[in-house]
Amino acid sequence: MSRIGKLPIAIPAGVTVTLDNGTVNVKGPKGELSQKVDSSIIVKIADGHVTFEVDENSPVNYKQKQAFHGLYRALVNNMVVGVSEGYKKVLELVGVGYRVSNQGNLLEFSLGYTHPIFIQLPKEVKVETKSERNQNPLVILESCDKALLGLICAKIRSFRMPEPYKGKGVLFQGEVIRRKSGKTAAAK
């Protein structure tokens, strides 16, 4: 059995978890999410807890069942935490002249290219930008869906990946970039 898969998920107050034909639906104050669960995993909802068990009669091989056991437990746990508390990521733009602004869910980046970069975010993600004097611009993203939030952060980061020589780029707030020394002149 998977060590993670064995752990029950406590359902907090204000959150409802339902099982409908192999799909787990989670509804809470921050939103509503659903996840299809493989037939080799048995989901049980009772006494304010969600538990996952491996179906021993399933034709899926043993290693795959163990992997699914932990995977679906982690996905449903992320959904429960997301609809009750939500997830938040803060991206920092480090570089001279790097700017960001938003109109609703449309973000406009100026990252040192000849043109601005626009990205339209889905309605499930709330965005806020901060640009203060003598501070790096910040992009604050909030959502109940952890996977969607991570995907959007990775997309924004890909516009200007952090580089090790000057430390410029789009970073997560508090991230430390390992710096490299540049070329040194040959001593003669």
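## Terms and model

Helices (H or I, at least four residues) and strands (E, at least two) are DSSP runs, numbered from the N terminus. The model is predicted: local features need pLDDT of at least 70, side-chain atom pairs count only at pLDDT 80 or more, and totals for chains, interfaces and linings use all residues. Residue numbers start from 1 along each chain as its sequence is written, and side-chain values use heavy atoms, with hydrogens and water left out.

## Two residues with positive phi

N134 sits in the loop between β11 (126–130) and β12 (138–143). Its phi is positive, about 60 degrees, although N134 is not a glycine.

D47 lies in the loop between β5 (41–46) and β6 (49–54). D47 is not a glycine, yet has a positive phi of about 55 degrees. With 75% relative accessibility, D47 counts as exposed.

## The largest pocket

The largest pocket holds about 160 Å³ of space. A pocket is an open set of points on a 1 Å grid over the protein atoms alone, where a 1.4 Å probe fits, with protein on both sides within 12 Å along at least five of seven lines. Lining residues have an atom within 4 Å of a point. Points are joined across faces, edges and corners; the volume is the space filled by probe spheres set on them.

L33, S34, Q35, L75, N78, M79, C144, D145, K146 and A147 line the largest pocket. At least two lining residues come from each of β4 (31–36), α2 (62–84) and α3 (146–159). By class, the lining has five nonpolar (Ala, Val, Leu, Ile, Met, Phe, Trp, Tyr, Cys, Pro), two charged (Asp, Glu, Lys, Arg) and three polar residues (the others, Gly among them).

Terms used: Buried means under 20% relative accessible area, exposed over 50%, partly exposed in between (1.4 Å probe, protein chains only).
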